[in-house]
Amino acid sequence: MSTENLVKQRANDIGGLEAGPIAMVDHEMLPWEKRCHALLDILDIHKIVNTEEKRRGVEDLGSEMIGKLSYYERWIVSAINVLLEKRVLTPDQLAKKTAEVEARFKS
Amino acid sequence: MSDHDHDHDHEHPGTAKDEALPGYYAILEISVRELLTEAGLITADEHRRQIEILDSRSPALGAKVVARAWVDPAYKARLLADGSAACEELGVTMYDNTRLIVHENTDELHNVVVCTLCSCYPRPVLGLPPDWYKNKQYRARVVKEPRAVLKEFGTVIPEGVEIHVHDSNANMRYLILPQRPAGSEKLTEAELAGLVTRDAMIGVTTVKLPVGASPGGRS
């Protein structure tokens, strides 16, 4: 199979592809999803991670993650990757903080 | 979300009662937010404020804009010329440099909005997009076969009517000005706003009088 299309059409670029019927679905936002949305809005307002960087960050997750992660799961992972790339955060900081937050909720 | 067993029942600080132990992604969100707050790049206050802003946005704002355009031709002209500025007149502010562009549906032209690359949406006037707007099927298909997609929404556009599909991006968001339904002449501006749905402003449906309403006004 030709690989040409993988180069020409990245994972987000789905306009015009074949796809199934529209599922008329919606869901109430989960509390963490709303917090995530608000966080990304603020990051955009301060131009720490702007909307286009976030979108590109989602695209960079690749088709498997895009397909398997939920909408806001993609947002937060994208934001983290952009923050790491820009060296606003370091992997060390993040690892320490997530362990701390996890421990806080388990206690 | 989390498959962690959680059999004690005390409340955790900072979580709502109905929320179990946060899952992996929720923990990531909290962690990033706390790190950036500690670094002085963002504040907890502005995060809370942003949640309030999210809660305050709904399609009722867009409906107000549409109803005003229906009753006030001068406003409609301003809205079509510069959507952001006209929304500002009604107290709805677009963020950043996002331009709001309004397209009018007519007897000859039907407009519909999509964001094929992600989920750009006129949030200040419509709130958050429905899941179907963000899902693959709508994004992939509406640009290629809009008539078939609209039909799935129960919207049949006559063959003689042209369809324009507007693909949004981070700097350009679209709002559709639906056609005012025939027989709504006697309705007040507020009553008209009550007829305007989110989906009509995305362009996947049209505005209709409530079933049972007699043409020519309210019965």
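Helix 2 of chain A (residues 31–45) has 15 residues and reaches 21 Å from its first C-alpha to its last, close to the 21 Å expected at 1.5 Å a residue (the expected span is 1.5 Å times one less than the number of residues). Helices (H or I, at least four residues) and strands (E, at least two) are DSSP runs numbered from the N terminus. The model is predicted: local features need pLDDT of at least 70, side-chain atom pairs count only at pLDDT 80 or more, and totals for chains, interfaces and linings use all residues. Residues are numbered from 1 along each chain as its sequence is written, and chains are lettered from A and ligands numbered from 1 in the order in which they are written.

Buried residues of helix 2 of chain A include A:W32, A:L39 and A:L43 (buried: 20 or more other C-beta atoms within 10 Å of the residue's own; exposed: 12 or fewer; partly exposed: in between; C-beta atoms placed from the backbone). The buried residues of this helix pack against helix 3 (51–59) and helix 5 (71–85) of chain A, and against helix 1 (24–38) and helix 2 (44–56) of chain B. Just after helix 2 of chain A, A:K47 takes a positive phi of about 55°.

In chain B, helix 3 (residues 59–71) has buried residues including B:A63, B:V66 and B:A67. Among the elements covering the buried residues of helix 3 are strand 4 (172–177) and helix 10 (189–195) of chain B. B:V196 lies in the loop between helix 10 and helix 11 of chain B and counts as buried because it has 23 C-beta neighbours inside 10 Å. Residues touching B:V196 include B:A63, B:V66, B:A67 and B:P178, with residues up to four places away in sequence not counted (contact: C-beta atoms, placed from the backbone, within 7 Å).

Definitions and conventions. Two residues are in contact if their C-beta atoms, placed from the backbone, lie within 7 Å.
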